[in-house]
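User: I would like a close look at one part of this protein and at what surrounds it. Please keep it plain, and give the cut-offs as you go.

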Amino acid sequence: MAESAAHIVWDWNGTLFQDMDAVITATNAAFGEVGMPAITLETYRENYCVPVPLFYERLMGRAPTAEEWSAMDAAFHQHYTRAHLACGLAEGAAALLAGWRAPGRSQSILSLAGHAEVVALVRGFGIEPHFIRVEGRRGPSGGSKAEQMVAHLAALAEAGVDPGRTVVIGDAADDAVAARHVGAHAVLYTGGSHRRESLLGAGDAVVDTLTDAVAEATRLVGTPTMTHPTGPPTA
């Protein structure tokens, strides 16, 4: 029997897509809805966690009410939709994606951002052919990635993807939690939403560049020789 493919599940926001400037702009708009002062990127990275209502609670000193959460969530997405248009791919990301796409290796995207938004951006950057699946959030915002990861890998099983030979690369501790939830490996990247100190607490490999992330993924799952798998449509 052929060995299963070595697979990377990429996070999108803060990992492949460098949108932290837009995130800070939108977060401060959300905080303005409840009379909170603006925060810096450093403060964001010191406190960020998912689900997002818990992140807001850390900075507000209490949980937002249902009405506050609704207003903050709407403000965030309204401002992010405008601000993210000025953001681009992480440095070197396109070349890394092209380099990983080889016999015996595959990759996908799983994001907590809205599905239609993620697919549109991936297509706009011209990188969609590198992935066997591109998937964003299809339900309401504010959740975590673990359950989403279960469905994602179940959909990829028909393409020969095995969780044990899968590496999740992301910028948040939640990516490591999601990886463990399905029996996959994780590599955490310091260029996004979390400080290095926060990521180290997850107990997985922590790297400062996406090049190092791919190198660690290669070390973890290797590169068997087999035909590049095909999978379900990305939309």
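Which residues of helix 8 (residues 173-182) are buried?

Analyst: This is a predicted model, in which local features need pLDDT of at least 70, side-chain atom pairs count only at pLDDT 80 or more, and totals for chains, interfaces and linings use all residues. Residues are numbered from 1 along each chain as its sequence is written, and side-chain values use heavy atoms, with hydrogens and water left out.

In helix 8, the buried residues are Asp174, Asp175, Ala176, Ala178, Ala179 and Val182. Buried stands for under 20% relative accessible area, exposed for over 50%, and partly exposed for what falls in between (1.4 Å probe, protein chains only). Helices (H or I, at least four residues) and strands (E, at least two) are DSSP runs, numbered from the N terminus. After helix 8 comes Gly183, with a positive phi near 80 degrees.

Strand 6 is mostly covered, with seven of its 10 residues buried. Strand 7 (residues 185-189) is also mostly covered, with four of its five residues buried. Strand 6 and strand 7 run parallel and are joined by four bridges; two strands are said to pair if DSSP finds at least two bridges between them. Within this pairing, Ile169 has Val187 of strand 7 as its bridge partner, and Val168 stands opposite Ala186. Strand 6 also pairs with strand 1, in the parallel sense and over five bridges. There, Trp10 stands opposite Ile169 of strand 6. Strand 7 pairs with strand 8 as well, in the parallel sense over three bridges, and Leu188 has Val206 in strand 8 as its bridge partner.

The sheet as a whole is open and has six strands in the order 5-4-1-6-7-8, with parallel pairing. Strand 5 and strand 8 (205-207) are at the edges with a single partner strand each, so one side of each has no neighbour in the sheet. From one strand to the next the twist averages 20 degrees.

Other helices also meet these strands. Helix 6 lies across strand 4 (105-114) and strand 5, and runs at about 130 degrees to strand 4. Axes here are lines fitted to C-alpha atoms, for helices over the stretch in contact, and angles run from 0 to 180 degrees between N-to-C directions. Helix 10 (residues 210-221) packs on the sheet and touches strand 1 (5-10), strand 4, strand 6 (161-170), strand 7 and strand 8, its direction making about 160 degrees with that of strand 6. Contact, for all of these, means heavy atoms within 4.5 Å.

Thr15 touches residues of this region too. Thr15 is in the loop between strand 1 and strand 2 and, at 0% relative accessibility, is buried. Leaving out residues up to four places away in sequence, Thr15 touches Trp10, Ala90, Ile169, Gly170, Asp171, Tyr189 and Leu210. Its side chain makes a polar contact of 2.8 Å with the side chain of Asp11. A polar contact is a pair of N or O atoms within 3.5 Å; within protein, one must be able to donate a hydrogen and the other to accept it, and residues adjacent in sequence count only if both atoms are side-chain atoms.

Phe17 is buried at a relative accessible area of 0%, and is among the contacts of His84, along with Ala22 and Leu121, once neighbours within four places in sequence are set aside. His84 sits in the loop between helix 4 (66-83) and strand 3 (88-89) and is buried, its relative accessible area being 7%. A polar atom of the His84 side chain lies 2.9 Å from the backbone oxygen of Thr81. Between His84 and Arg195, which are 111 residues apart along the chain, the C-alpha separation is 21 Å.
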